[in-house]
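Grab a pencil and work through these exercises one at a time. Try each task yourself before you read its solution.

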Amino acid sequence: MTGAPLATHLRPLLASARGPGAAVAAVRGEERAVLCSGPVEESTRFETGSLTKTFTALLLAELTARGEAGYGDRVDRYLPFRLPGPPLTLLHLATHTSGLPRLPPGLLARALRSGWLSNPYAGFSEDDLLASLRRTRLRHRPGTRVLYSNFGGGLLGHVLARAAGGTGGDYPALLAERVTGPLGLADTDCDAGRPQATGHWHGRPRPALLMPGLVAAGAVRSSARDLLRVLAALLDPETAPDPVLRTALAEVQRPRLSVPRTGSRLCLVWNLRPRPGGALLHHSGGTRGFTAFAGFLPGSGTGLAALTNTAPTPLAPFIQSAYGALCGLDAAPREKVWTARV
């Protein structure tokens, strides 16, 4: 692989995707590459699942940089009711230390009745989110343990929309105004009605994901070219169009806590793994029809995004392959500026 251009390093990852279509994108210094397979182009929109939470984290950092919210703010400062017990903060939600369960109480029972095999979140609204929060008992005191929570991610987006002066349902518009618009992400939003790739689960086509009550946890769609732009901005925040967004892009990368017994750290949503050559930040996502991964190494200016329109399988081999490809790309010899679209 010595002397091979950037795209050569990505082709094995593209071939490892088991879905009908896939797209991988990478940045390494001044190099850029986007490769696609199947009925996919670099602008094709994929559901990103929990990769959505990285956009929510960027929105949190943006509001904080503006002074409209604070990491230490109590969640119920922006809610129509007070939460009992110890303070639950925005930072707790963004680091999965809130104590909230993975899913809101009642969501699974409702999904089993209405659409577990098709659209399990479709019947869960913003009102349901708040009703569930009222009756939720925290699993642990906020800030004392890491417990991954889609509930917390969805609640964070709801609260941020309220902090910016809107309603909980204004998250998509706020994301467009503060993040995706300024970064020029034409393919990235929460709109299930716009054209997107068809997802597949066990080889069968799936309907577009609907998440009205947990939008900020998993409803963002994006493309390979947009995720490449996001990675480039994270690697060089000074390229962002305004100082507030530059601050936010840097803030999401700052470690907030160490994960016991793993050596890993948590930033704002992003997972951080220390490596000899510098930190690697990564996150992944999956829906009933799609798998997504994004990761980057700020020290070497290397980033990679991978998308496929099939649901994750046990042990998530595509995500593992994407992580390995990112590590390999970081270690591979550097090339002159070169762009590929296959």
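**Exercise 1. At what angle do helix α2 and helix α10 pack, and how are they oriented to each other?**

Step 1: Find the helices. Helix α2 covers residues 52-66 and helix α10 covers residues 243-251; helices (H or I, at least four residues) and strands (E, at least two) are DSSP runs numbered from the N terminus.

Step 2: Read off the geometry. The two pack at about 130 degrees, with axes 8 Å apart. Axes here are lines fitted to C-alpha atoms, for helices over the stretch in contact, and angles run from 0 to 180 degrees between N-to-C directions.

Step 3: Name the orientation. Under 35 degrees is roughly parallel, over 145 roughly antiparallel, 65 to 115 roughly perpendicular, and the rest oblique, so α2 and α10 are oblique to each other.

Step 4: List who touches whom, with contact meaning heavy atoms within 4.5 Å. From α2 come L58, A61, E62, A65 and R66, and from α10 come V244, L245, T247, A248, L249 and E251.

Step 5: Sort them by class. You get seven nonpolar, one polar and three charged residues (Ala, Val, Leu, Ile, Met, Phe, Trp, Tyr, Cys and Pro are nonpolar, Asp, Glu, Lys and Arg charged, the others, Gly among them, polar).

A quick word on the model: it is predicted, so local features need pLDDT of at least 70 and side-chain atom pairs count only at pLDDT 80 or more, while totals for chains, interfaces and linings use all residues. Residues are numbered from 1 along each chain as its sequence is written, and side-chain values use heavy atoms, leaving out hydrogens and water.

**Exercise 2. Which residues of α2 meet α7, and how do the two helices cross?**

Step 1: Helix α7 spans residues 171-180, and its axis comes within 10 Å of that of α2, crossing at roughly 65 degrees.

Step 2: That makes α2 roughly perpendicular to α7.

Step 3: On the α2 side you find T52, F55, T56, L58, L59, E62, L63 and R66, which meet Y171, L174, L175, R178 and V179 of α7.

Step 4: Sorted by class, this contact has eight nonpolar, two polar and three charged residues.

**Exercise 3. How many aromatic pairs are there, and which residues form them?**

Step 1: Rings of Phe, Tyr and Trp (its six-membered ring) pair if their centres lie within 6.5 Å; planes under 30 degrees apart are stacked, over 60 edge-to-face, the rest tilted. The count comes to two aromatic pairs.

Step 2: F46 sits in strand β3 and F290 in the loop between β10 and β11, so the pair ties together parts 244 residues apart in sequence.

Step 3: Both F46 and F290 are buried (buried means under 20% relative accessible area, exposed over 50%, partly exposed in between, with a 1.4 Å probe and protein chains only).

Step 4: W270 and F296 also pair edge-to-face, at 5.1 Å and 90 degrees. W270 lies in the loop between β8 and β9 and F296 in strand β11, 26 residues apart. Both W270 and F296 are buried.

**Exercise 4. Is G289 buried or exposed, and which residues does it touch?**

Step 1: Locate G289 in the loop between β10 and β11.

Step 2: Its relative accessibility is 2%, so G289 counts as buried.

Step 3: Leaving out residues up to four places away in sequence, G289 touches G199, H200, R206, T308, N309, T310 and A311.
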